[in-house]
Each structure stands twice: as structure tokens, then as C-alpha cells.
Amino acid sequence: MPSSTRSSGKTAIRSRLADWIGARRRRRETIADPLWRRVVGDLPLCDPLTGDEVARLRELAGRFLADKRFFGAHGFEVTDYMRVAVAAQACRLALRLGYEYLRACRTIILYPEGFVAERESLDEDGILHTGYEELDGEAMYGGAVVLAWEEARPWRDEDDMFFGNVVLHEFAHKIDELTGDHNGLPPLRRGMSVRTWSSAFSSAYEDLCAAVDAEQEAPIDEYAAADPAEFFAVSVETFFLAPGLLEWAYPEVYACLAEFFEEDPAHIEEDT
């Protein structure tokens with residue numbers, strides 16, 4: 001076969017492959033207008049968004065629904081409202097960050113309420129202990145995100161208090177996972193300093209651990225003291241739900257997340 005013919009054939013294959021990949025990337029599920037309006041109205045996360053940002057979130061959520069699989073545990077029925085509500089919350093993280101940051105998860109499993117997971121741990125003597133832990137959510141490394149719908153469902157508190165968000169938390173772990181581990185260091189944007197990020201998060205984590213060890217009031221959810229990965233996930237929750245609190249408690253962490261997500265939610269009202 002002439003080399004020119006082989007070259008032409010390879011070019012055609014590459015072109016078809018590029019078209020196929022592009023079609024998959026553009027694929028999204030249509031979300032009915034009434035359902036989308038209901039979800040947006042139920043989610044405080046959407047309150048600060050402009051009309052264009054809500055439209056962008058809807059586009060990302062449609063991609064998420066076409067790209068991910070939802071399953072109900074033990075026969076739990078997963079409704080369209082549940083799927084869209086989870087998608088909208090997860091995609092809130094990707095609004096400016098980019099949809100590719102959600103690629104580490106392909107499957108979402110919903111339980112109606114908290115679920116029990118088996119845990120193994122080694123003590124200081126090298127003895128393996130097995131136990132059980134009740135969870136509201138779990139980001140399985142290399143696998144699914146598991147959520148308790150009772151905690152993942154959209155809701156509003158009359159006192160407008162910060163109670164966390166399990167969807168943001170678990171998908172923050174999935175973003176963290178993109179570097180190959182849950183360690184509190186996700187793949188940073190181009191131009192961001194790993195040294196600055198590590199210094200800010202390490203210092204704040206040590207401060208929180210010291211406060212918890214001293215039985216002092218923790219400036220953010222003390223669960224963040226469990227390890228650096230949990231500190232990152234809780235910080236992401238706080239950044240979106242109580243940004244002023246995070247900026248007050250750990251301004252360097254807030255600044256890193258503001259650069260990472262390309263948002264400054266603590267000052268959005270000042271800018272409008």
C-alpha cells in the first residue's frame with residue numbers, strides 16, 4: 001500500500017475518533033424546566049448565582065447526568081429529582097473549575113439514610129482491628145461516591161446556619177483524588193504555587209488539630225482535623241457555604257481556594 005494511502009487512512013481514523021470524543025464530551029441529558037426550577041429553588045448554593053451562571057450550571061448538570069450512573073442501595077428508588085439535585089450540587093464545584101475535574105467518579109450510589117461501612121485499622125502494635133462506622137457519605141478511592149439522600153437532599157434552614165454539604169464534601173475528595181491520592185492537594189490550576197498551597201493548608205491543619213487536642217472551640221468543623229484530606233474537603237464545604245467564616249479562620253486557605261475555584265464568595269455582596 002502506498003505511504004500516501006496509509007497516511008490518508010490514519011488521518012481519517014483520527015478525524016472520526018476526534019468526532020466521537022467530541023460528541024461524548026458534548027452529550028448531555030435534557031433537564032425539564034419545571035424540575036430544574038424546583039432544584040434551583042431548593043438549593044441555597046444557587047442563590048448567589050447570576051442567570052448566566054445558573055444556565056451554565058444546568059449545562060454541566062446535563063453532562064453529569066449523561067456521564068454518570070445512579071443506583072439506589074437495597075432497592076431504594078432514585079428519582080429524577082434526586083439525580084438532578086445531586087448533579088447540580090456536584091457541578092457547583094465545576095462551575096468555573098471545569099467539568100473535567102469531576103472525571104474521577106462515574107457512579108453514584110444513594111442510600112435513603114446513613115449507612116454502615118466496615119473499617120480496618122492497625123494500632124501502634126501492628127494489630128489489625130475491624131469495626132464499623134456509620135456514614136452520611138463516602139468517596140471510594142477509584143470508585144463510586146456513596147451518599148445518604150437524607151443528608152444530600154436540598155434543604156433550607158430557617159436560621160440560615162451552616163451545617164455542611166455532603167455532596168460538596170465527597171466530590172471534593174474526588175477532585176483531590178485526581179493527583180493519585182486523597183491528601184488535600186488536588187491538581188492545581190496552571191500558575192498556582194504548590195508551595196503556597198501546601199504551606200497554607202498545612203499551617204491551618206496544624207492549628208485546627210492543636211485546637212481540637214486542647215479541647216478548644218474549633219473555628220471550622222472539627223472533623224477537618226481527621227487528616228489533611230478531610231481538612232481539604234471540609235474547607236471546600238465551608239468555602240461555598242460559609243465563606244466569611246473560612247476567610248476569618250484561615251485567610252490563606254480561603255485565598256488558595258478562591259484562586260482554585262476562581263470565585264470570591266465572601267465578597268460577592270460587596271462587589272454587587
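Trp 197 and Phe 260 are both buried, where buried means under 20% relative accessible area, exposed over 50% and partly exposed in between (1.4 Å probe, protein chains only). This is a predicted model, so local features need pLDDT of at least 70, side-chain atom pairs count only at pLDDT 80 or more, and totals for chains, interfaces and linings use all residues. Residues are numbered from 1 along each chain as its sequence is written, and side-chain values use heavy atoms, with hydrogens and water left out.

## Aromatic pairs

A pair of aromatic rings is described by the distance of the centres and the angle of the planes. Rings of Phe, Tyr and Trp (its six-membered ring) pair if their centres lie within 6.5 Å; planes under 30 degrees apart count as stacked, over 60 as edge-to-face and the rest as tilted. Searching the whole structure on that basis turns up 16 aromatic pairs. One of them is Trp 197 with Phe 260, edge-to-face at 5.6 Å centre to centre with 70° between the planes. Trp 197 belongs to helix α7 (residues 194-213) and Phe 260 to helix α10 (residues 251-261), so this pair ties together parts that are 63 residues apart in sequence. The helix labels come from DSSP runs numbered from the N terminus: helices are H or I with at least four residues, strands E with at least two.

Tyr 205 and Phe 231 are edge-to-face too, because their ring centres are 6.0 Å apart and their planes sit at 75°. Here Tyr 205 is in helix α7 and Phe 231 in helix α8 (residues 228-241), so the link spans 26 residues in sequence. Tyr 205 counts as buried at 18% relative accessibility, and Phe 231 is buried at 1%. There's also one aromatic cluster, whose members include Tyr 101, Trp 197, Tyr 205, Phe 231 and Phe 260.

## How α10 packs

Now for the helices themselves. α7 and α10 pack at an angle of about 140°, their axes 8 Å apart; axes are lines fitted to C-alpha atoms, for helices over the stretch in contact, and angles run from 0 to 180 degrees between N-to-C directions. α7 and α10 are therefore oblique to each other, given that under 35 degrees is roughly parallel, over 145 roughly antiparallel, 65 to 115 roughly perpendicular and the rest oblique. From α7, Thr 196, Trp 197, Ala 200, Phe 201 and Ala 204 meet Glu 252, Val 253, Cys 256, Leu 257 and Phe 260 of α10, with contact meaning heavy atoms within 4.5 Å.

α8 and α10 have axes that come within 11 Å and cross at roughly 75°, so α8 is roughly perpendicular to α10. Among the residues making this contact are Phe 231, Phe 232 and Phe 239 of α8, along with Tyr 254 and Phe 261 of α10.

## Positive phi in the loops

Most residues other than glycine have a negative phi. Glu 215, not a glycine, has a positive phi of about 60°. Glu 215 lies in the loop between α7 and α8 and counts as exposed at 73% relative accessibility.

Glu 262 isn't a glycine either, yet has a positive phi of about 55°. Glu 262 sits in the loop between α10 and α11 (268-271), and is partly exposed at 47% relative accessibility.
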